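Reader: I would like to learn how to read a few features of a model. Please take me through them one at a time.
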Amino acid sequence: MTVAKLRALPENTVGRTYVEWLDREGVSPDTRNAVRYVDEEECAYVMQRYRESHDFYHALTGLPVYVEGEVALKAFEFANTLLPMTGLSIFAVMRMKPKQRSRFWNTYLPWAMSNGLKSRDIINVYWEEQLERDVDELREELGIETPPDLRETRKLLKQVRTTATELHQNMEKFTAN
């Protein structure tokens, strides 16, 4: 199904959720590199399919592509698939700023481990057959709860910081007079 056809699907379908996630994140399904360094054809296919499915996992969970979302999704994938590379990706948490690490450890890692362990194997989902299906029904069938909206959390925290800075500046002006 083309991206244009995905956009024409009804609201809350898997395909529409997927294309809206692609648009919001500014990514394309055509940006996935082919698997290299895997000599066995069947293993190479599985890894290629995993890469192609990764953005569906993002769309299904709503996690964005910046570092917190990627690491949370990798933790979820590791708990669900036990693929070693997904577990190793979690070390990217060291690149995060302290507040991001705190959110990851306190919110997103517990969500990822709980949902990854209890949900059905997402690597076995044939996404092309799910595109016209209600996304909430698929989440329920797979046993996946969506995590707190990371974009909204970051937006609210930025607003709080901005307000605190403005209050501090106003207090300084007030006390200076």
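Reader: In which helix is Asp55 found?

Author: Note that this is a predicted model. Asp55 is found in helix H3, which covers residues 41–61.

Reader: Is Asp55 buried or exposed?

Author: Buried means under 20% relative accessible area. Asp55 has a relative accessibility of 3%, so the residue counts as buried.

Reader: Which residues is Asp55 in contact with, leaving aside neighbours within four places in sequence?

Author: Asp55 is in contact with Tyr18, Trp21, Leu22, Ser28 and Arg32.

Reader: What does Val65 touch, not counting residues up to four places away in sequence?

Author: Val65 touches Trp21, Glu25, Val27, His58 and Glu70. As for a distance, the C-alpha atoms of Val65 and Pro110 are separated by 19 Å, and these two are 45 residues apart along the chain.

Reader: How much space lies in the largest pocket, and which lining residues are closest to its centre?

Author: The largest pocket holds about 260 Å³ of space. It is lined by 16 residues, and Tyr18, Pro29, Glu52, Phe56 and Glu128 are the closest to the centre. Helix H1 (3–8) and H3 are the elements that give two or more residues to this lining.

Reader: Which element gives the largest share of that lining, and what is the lining by class?

Author: H3 gives the largest share, six residues. By class, the lining has eight nonpolar, two polar and six charged residues.

Definitions and conventions:
Residues are numbered from 1 along each chain as its sequence is written. This is a predicted model: local features need pLDDT of at least 70, side-chain atom pairs count only at pLDDT 80 or more; totals for chains, interfaces and linings use all residues. Side-chain values use heavy atoms; hydrogens and water are left out. Helices (H or I, at least four residues) and strands (E, at least two) are DSSP runs, numbered from the N terminus. Buried means under 20% relative accessible area, exposed over 50%, partly exposed in between (1.4 Å probe, protein chains only). Contact means heavy atoms within 4.5 Å. On a 1 Å grid over the protein atoms alone, a cavity is a set of points where a 1.4 Å probe fits but cannot get out, and a pocket is an open set with protein on both sides within 12 Å along at least five of seven lines; lining residues have an atom within 4 Å of a point. Grid points are joined across faces, edges and corners, and a volume is the space filled by probe spheres set on the points. Ala, Val, Leu, Ile, Met, Phe, Trp, Tyr, Cys and Pro count as nonpolar, Asp, Glu, Lys and Arg as charged, and the others, Gly among them, as polar.
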